[in-house]
Amino acid sequence: MNPTIKDVAKQANVSIATVSRVLHNLGGYSDKTKQRVNQTIKELKYQPNAIARGLINKRTQTIGVLFPDVSSAFSSDLLYGIDGFVHNRNYSVMVCNTAQDSKRTLKYLQLLREKQVDGIIFIFSSEVLKKEYYDMLESMNIPVVLISSQTDFAKVPYVKVDDYQAAYDAVDYLLTKGHSKIAMISGTKGDPIAGTPRVEGYRKALEAHGIAFESRYLVYGDFLYESGSRAMEVILQEAPEVTAVFAANDEMAIGALSSVTKQGLNVPGDISIMGYDDLRLARMVNPPLTTVRQPLYDIGMIASEKLISMIESGEPAKSQICAHSIVERHTVRAII
């Protein structure tokens, strides 16, 4: 028969409540008692029963994480931060791939309801929290934190960077390097989160330097590698005078880099390219990509910390804008 918490308490000569507090890192006991309980757990090979624990504290120690695309490097960098934090707090993660499809998202929310998760982290790369999602989350009565999005729903905090300012700073960086003919590969047209604000940042940076916006310098993609490659082909054909390109994410920037190379041109000798995100891929391409860094690992950790705090305290959390930075590598040259 498997040992129980009562067996641990008896052998360690402490109460069941003390064993439970040690298991949950709640404090209220000496280091000597903690060591004795942990040693007893090891000797008896006791494994806490997650279901029983859940019945006692009305929690499953599980959170749901909904990604728009689990295969993307953006998602994996965020998940690394999320899992790193929740693991240390003795929570587990259920990952759902929504594919940015409403029906699929609602189906996953229903699944997470049935699994009785304690909270949800919702990652949006290009949309806001829809009312139909919010209504279901309200009915679940569990805390929610958004990543890379924002909302007017007061109960839902978000963690993200300032997309407008980050894009502005990226283009300003290119301008200080002497570039004035700067094209942009944007994400999905009309996207209110990572699309429009980054385009506005691009346009305002040009305006601040007295440079008129040229509509033919702005080409739309969809944040995927292939669209960056196609957009770069359009720029090379329609605006060959361009000396620098700012892409709204690293995947499209790497796609643009591949197109330039296929044309027999050199980066940054013939044209400079700058990305946005600072994915691990940005360090792996040749030449390594100059980019705007979103601290994705940190964002994942911060969102997890806020969510678990809301779960355990019942108190609301505040939204947070994280700092971005310019990461200089080898795809941008100065024009003298």
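In this predicted model, P287 sits in the loop that links α12 to β10 (290-293), where helices (H or I, at least four residues) and strands (E, at least two) are DSSP runs numbered from the N terminus. The peptide bond leading from N286 into P287 is cis, with omega near 0 degrees. Most peptide bonds are trans, and most residues other than glycine have a negative phi. The model is a prediction in which residues are numbered from 1 along each chain as its sequence is written, and local features need pLDDT of at least 70. Side-chain atom pairs count only at pLDDT 80 or more, while totals for chains, interfaces and linings use all residues; side-chain values use heavy atoms, with hydrogens and water left out.

Positive phi values also deserve a look. S148, in the loop between β4 and β5, has a phi near 60 degrees, although this residue is not a glycine. With 9% relative accessibility, S148 counts as buried (buried means under 20% relative accessible area, exposed over 50% and partly exposed in between, with a 1.4 Å probe and protein chains only). D278 is likewise a non-glycine residue with a positive phi, of about 65 degrees. D278 lies in the loop between β9 and α12 and is buried, at 10% relative accessibility.

D278 brings us to the charged pairs. The side chains of D278 and R329 form a salt bridge at 2.9 Å, N to O, the term being used for a side-chain nitrogen of Lys or Arg within 4 Å of a carboxyl oxygen of Asp or Glu. Because R329 is in the segment after β12 (325-327) and D278 is in the loop between β9 (272-277) and α12 (280-284), this pair ties together parts that are 51 residues apart in sequence. Salt bridges with shared partners also join K160, D163 and R198 into one network. In the whole structure, the search finds 12 salt bridges. Another of them pairs K155 with E138 at 3.6 Å, N to O; K155 is in the loop between β4 and β5 and E138 is in helix α7 (residues 131-140), so parts 17 residues apart in sequence are tied together. Of this pair, K155 is exposed, at 55% relative accessibility, and E138 is partly exposed, at 37%. E214 and R216 also meet in a salt bridge, at 3.3 Å, N to O. Here E214 is partly exposed with a relative accessible area of 32%, and R216 is partly exposed with 40%.

The chain has 13 helices and 12 strands. Six of the strands form an open sheet with parallel pairing, in the order β2-β1-β3-β4-β5-β11; two strands count as paired if DSSP finds at least two bridges between them. At the edges are β2 (92-97) and β11 (320-322), each of which pairs on one side only. From one strand to the next, the twist averages 20 degrees. Within the sheet, β4 (residues 144-147) and β5 (residues 158-161) run parallel and are joined by two bridges, and the partner of I147 in β5 is V159. Helix α5 (residues 73-88) lies across β1 (62-67), β2, β3 (119-123) and β4, at about 170 degrees to β1. Such angles run from 0 to 180 degrees between N-to-C directions, with axes fitted to C-alpha atoms, for helices over the stretch in contact.

The largest nonpolar core has 72 residues, and those with the most contacts inside it are I63, I82, I121, I123 and F246. A core of this kind is a set of buried Ala, Val, Leu, Ile, Met, Phe, Trp, Tyr and Cys residues joined through side-chain atoms within 4.5 Å. Helix α13 (residues 296-313) gives this core its largest share, eight residues. Leaving aside residues up to four places away in sequence, I123 touches V65, L66, F67, P68, F74, L78, I82 and I147, contact meaning heavy atoms within 4.5 Å. A second, separate core of 19 residues includes L109, M136, V144 and L146.

For the chain as a whole, 48% of the 336 residues are buried. Of the contacts with a separation of 6 or more, 73% are between residues 24 or more positions apart.
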